[in-house]
Every structure is written in C-alpha cells, then in structure tokens.
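Here are my notes for a first look. Please read them with the model open beside you.

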Amino acid sequence: MSSSIRNSERLPLSFYLQVLFCAVLWGSAFPVIKNSYSALNIQSYGEQLVFAGSRFTLAGLMVLPFCRRRFVESISRAPKVGLAAVMLGQTYFQYLFFYYALSVSTGTLGAILVGAGSFWWMLLAPLILKTPKPHGIHWLLFAGCTLGVLCAVYTPGLPMRNVGIGVLAFLAASFSGAVAATYMKIVAPVSGSRTTTSFSLATGGLLLLLTALPSWSAYLSHFNWTTFWVTLYLAFLSAAAFTVWNRLIEIYSVNLLSTYRFLIPLMGVLESILFIPDERLRPGVVFGTLIVLSCLVMMSRVGDAAMAGRGIRP
C-alpha cells in the first residue's frame, strides 16, 4: 500500500465509523464517572483511584483474549522506552490526573480540556516521529475546532471550586495521553496494537491500585452490585475504545487522527449535558457543534499527504 493517500482518495467509511465509535464511548465516560462519585459514595481521591485501577485492570484482561500473537513474546520484543511511555502515559498518569480533575470540575470543562490532546499531538509527532509539520490551513482549522468547542462549553459566571487546579490536571492528563499515543506509533508495529493496549491498560491499572492501596478498605466497605456493573461498563468502554483507537494509530498518521480527535470532547460535552444534572443544552452548544463539524469536513477534504499519510514510520 502506498505510504500516503493521494489527494483524490477518500478515507474509507470504516474510518469515520471507528472514530465516531471511540468518541461516543469516551464521551460517555464523563457523565458516568462524574455521576458515580455521588451515586456510589466514592468520596476520597484514593477511592477514586481504586475505582479507576479496577476499571483499567479489568479492561486489559478483556483485551487479552483478542491478542493474535503470543503475549509475552510480543511484549518482550517491544522497545522498552516506548512501551513504558505508552503504559505510563495512556493509563497511569493520564487517569491519575483525569480522575482528580473530574472530581473538582464539570464534565463539559473536562471534555474541552481533554481535547487539548490534539494540540499536544501536533507538537509531539514531529519531534518524536519526525512526521511533517502541520501546514497553515491545518492550524487554522484546528483553531476553528477549538473555537467551536469553547462556544459549546462556555457559561458566564460558572461556579467551580478549585477550577485552576482542575484545568492544570486536565491539561496534564491530555499531555500524558498524547505522549502515549505518539509512542504507540513506534511500539504497535513491533508488538501489535491489541497486545500493547492490553499490557498498557492492565499494568497501568495495577499501578493505580497500588498507588491507592491505603484506600482499598474504604472503597470495599460500600462496594455493591451497582459499583460492579458501572466498573464493568467502564472497563468495556476502555477496552473497546482503546483497542480500536490504537489500531487506527498503527494504520493512519498521528496528524490525521489528531484532527478527528475533536469529536471526543464534542461527544463529551453533549453526553455530559444529557446525563449530568445541572448541565443543560444551550444555544452555544448547538452553534459550537456546527463549527466543529464544519471544520472537520473541511479538514477531511484538504487531502494533504502529511495529514492523511498511512503507515508513516519514525
């Protein structure tokens, strides 16, 4: 297959469906986690990390049966620095920051700030993967996407405690995820995207559980069937979305995927409004949605090889 998609070629329908599938699943995580803190009586930050660690460890085990290669052999062949970057960035550090930030901020704010990962990707990919730098039109369309998402989440006078720390934590989470996604481009061709995903989720989840070891007893004291089913859904969400998304990273260029990553915060905003109490549908959400979708359509028609490259290797 050619190393890039020619200007006249279109991305396959399966690409758009897979990106939308990931966006809808990850978007649902915002309201589910946010509502779970109160509904499941998860109070301390340590309990939140036990909740997260259980989810990701289970998610990694869910992916394991679908790994086509021998697991241990594949992992042993992977570049160690890249594998560590994926595991720590994709699971451990990303959600160490994310769960705290979501506990002190709104779901919509979390959605827009997690979307900052697209910009981290644009900065990191040329440095780590030596990919072509984005052109001026790409930056312009990225700015349009950002404007659209800002319109969707902006509410004058919105009261939020610890908002500054929440913003920094969300930005740190998105940076960690972007580092992992960039190194996934290096690791996946060696060990396989599914094997890498399974290893990253399971080991990262175990590290979260170890970090929150003093809070296990408090978390288990009010563990019930509702907690079990919510954890099971979040584990499935992570297993399915990360498996599909990491496979897309293996096939397509990071620059291309960074543009469509804006669908994740967009879905997060919409699903937070639908399912989190006190977060309502406003005209800005409708207007912002139209801006983001318009920019994504324009981006898909640019047809630049640097943005639509397949199989680009570092």
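1. Start with the salt bridges. The structure holds two. The term means a side-chain nitrogen of Lys or Arg within 4 Å of a carboxyl oxygen of Asp or Glu. This is a predicted model: local features need pLDDT of at least 70, side-chain atom pairs count only at pLDDT 80 or more, and totals for chains, interfaces and linings use all residues. Residues are numbered from 1 along each chain as its sequence is written, and side-chain values use heavy atoms, with hydrogens and water left out.

2. Helices are DSSP runs (H or I, at least four residues), numbered from the N terminus. Arg77 is partly exposed, at 43% relative accessible area. Glu73 is partly exposed too, at 40%. Here buried means under 20%, exposed over 50%, and partly exposed in between (1.4 Å probe, protein chains only).

3. Arg247 pairs with Glu250 in a salt bridge, the closest N and O atoms being 3.0 Å apart. Both lie in helix α11 (residues 225-251), three residues apart, about one turn. Arg247 is partly exposed at 39%, whereas Glu250 is buried at 13%.

4. Now turn to helix α4 (residues 80-104). At 1.5 Å a residue, its 25 residues should span 36 Å, and the end C-alpha atoms are 35 Å apart, which agrees. The expected span is 1.5 Å times one less than the number of residues.

5. Helix α4 bends by about 40° at Gly89. The bend is the angle between axes fitted to the seven residues ending there and the seven starting there. Of the 25 residues of α4, 18 are buried, so the helix is largely enclosed by the rest of the structure.

Note on methods: Helices (H or I, at least four residues) and strands (E, at least two) are DSSP runs, numbered from the N terminus.
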